[in-house]
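I opened the model today and kept notes as I went. Here is what I looked up, entry by entry.

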Amino acid sequence: MPDIMDPQSRTPILCLLTTPETSPSVLFGLFDVLTSAGSVYPEMLEGKTGNLLFDVKIVAATKAPFRCFGNILLEPSAGIDELDFADVVIVCDMFQPIDASPRGRYPNEIEWLKRMHRAGALLGSVCTGSLALAEAGLLDGLESATHWAYHKVFREHYPKVKLREDAILCLSAEDNRIITAGGTTSWQELSLYLIRRFGGPKQAILTTKVFLLGDRSDGQLPFALVLPPLQASDAAISDAQEWISANYACSNPVSQMAARSGLTPRTFARRFRVATGIDPIAYVQSLRIEEARQLLDADGLSIEEIGQAVGYEDSTSFRRLFKRKLGLTPAAYRRKFIHPFT
């Protein structure tokens with residue numbers, strides 16, 4: 001994979017190329033995820049907005065409003081004549097009947113795509129957006145994904161393209177700065193690829209959790225944030241929360257928090273429940289499990305080492321608590337979230 005761009009040096013410009021045949025589900029799905037990457041998770045966790053990973057622009061032949069597939073009104077950020085450079089250009093799907101020739105469609109957009117590619121942009125496509133890349137000659141001799149229903153169209157009109165009929169996301173041409181995704185909902189895999197490439201594996205994992213992307217057969221718990229936010233209504237409890245966040249692995253954590261507060265254990269527990277909505281021990285458990293998730297995300301320590309690091313000498317107890325909180329064992333969690341991005 002080519003080097004990942006340092007997101008701190010400049011916010012990458014990412015253009016979503018649209019036409020009247022674009023599906024709003026593809027466009028707005030990409031827009032929603034990519035415009036919030038890097039920002040939404042810290043906002044949900046700490047109430048603080050993080051740094052946006054991309055400067056996303058909806059682009060069309062002109063800046064004039066038009067209606068896309070389903071009669072949905074679009075107001076592009078810019079017309080193609082206004083943009084001479086972008087870091088990434090994604091061609092959204094462009095629905096057309098499978099018995100219609102794709103030749104000669106969108107000539108201005110095709111020339112713009114070739115110009116952007118020559119200028120160094122990474123080009124991607126979703127579903128039938130790959131037809132535009134093929135029409136531009138950018139897929140000649142390369143492998144490509146597309147919607148399964150359009151394989152005959154490719155074979156008839158673009159025989160130089162090596163179709164990957166099995167691929168949801170085709171990365172074999174990324175050294176040529178070309179990425180193609182399969183059917184309509186493959187925009188999800190494409191968006192996570194872009195977030196990983198420009199922001200690293202951790203940002204891709206966090207985005208997966210926020211938007212519940214990927215395999216959801218295990219339910220919602222594996223994606224959920226299990227730790228309640230810090231509160232400010234009770235100074236003694238707020239101090240205890242801040243202290244335990246740095247000392248979560250200590251022994252007898254609830255007793256130590258109560259002693260630090262100067263309250264009796266019973267009074268401390270009552271005020272903690274009022275302030276946070278849960279018992280102190282449940283809060284500590286949630287904190288430890290959240291810290292364990294962070295360590296699992298790093299994929300460096302064994303499950304036993306992670307359990308010890310967050311305060312559990314008994315690895316069986318740690319595994320049991322982890323599964324009760326998130327619905328998955330630590331090993332299954334790692335397979336679900338970490339391995340797809342390594």
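I began with α6 and α7: their axes come within 6 Å and cross at roughly 145 degrees. Axes here are lines fitted to C-alpha atoms, for helices over the stretch in contact, and angles run from 0 to 180 degrees between N-to-C directions. Helices (H or I, at least four residues) and strands (E, at least two) are DSSP runs, numbered from the N terminus.

A note on sources: this is a predicted model, where local features need pLDDT of at least 70 and side-chain atom pairs count only at pLDDT 80 or more, while totals for chains, interfaces and linings use all residues. Residues are numbered from 1 along each chain as its sequence is written, and side-chain values use heavy atoms, with hydrogens and water left out.

Who touches whom between α6 and α7? I found Leu 192, Ile 195, Arg 196 and Gly 199 of α6 meeting Pro 201, Gln 203, Ala 204, Thr 207 and Thr 208 of α7 (contact means heavy atoms within 4.5 Å). By class I got 4 nonpolar, 4 polar and 1 charged. Ala, Val, Leu, Ile, Met, Phe, Trp, Tyr, Cys and Pro count as nonpolar, Asp, Glu, Lys and Arg as charged, and the others, Gly among them, as polar.

Next, the sheet. I traced 7 strands in an open sheet, ordered β5-β2-β1-β6-β7-β11-β10, with mixed pairing. Its edge strands are β5 (78-79) and β10 (169-170), each pairing on one side only; two strands pair if DSSP finds at least two bridges between them.

How many cavities of 30 Å³ or more does the structure hold? There are 2. A cavity, on a 1 Å grid over the protein atoms alone, is a set of points where a 1.4 Å probe fits but cannot get out, and lining residues have an atom within 4 Å of a point. Grid points are joined across faces, edges and corners, and a volume is the space filled by probe spheres set on the points.

The largest cavity has about 70 Å³. Its lining includes Met 94, Arg 105, Tyr 106, Glu 135 and Tyr 158, and helix α4 (residues 130-135) gives the largest share, 3 residues. I noted 7 nonpolar, 2 polar and 2 charged residues in that lining.

The second largest cavity has about 40 Å³. Of its 10 lining residues, Ser 36, Gly 38, Val 40, Tyr 41 and Thr 207 lie nearest its centre. Helices α2 (40-46) and α7 (201-211) each give two or more residues.

Helices α8 (residues 235-246) and α10 (residues 265-276) pack at about 85 degrees, axes 9 Å apart, which makes α8 roughly perpendicular to α10 (65 to 115 degrees counts as roughly perpendicular). Among the residues meeting there are Ile 237 of α8 and Phe 268 of α10.

Helices α11 (residues 280-298) and α13 (residues 315-326) have axes that come within 10 Å and cross at roughly 95 degrees. I counted 8 nonpolar, 2 polar and 3 charged residues in their contact.

Key:
Parallel < 35°, antiparallel > 145°, perpendicular 65-115°, else oblique. 1 Å grid on protein atoms, 1.4 Å probe; cavity = no way out; pocket = protein on both sides within 12 Å on 5 of 7 lines; lining within 4 Å.
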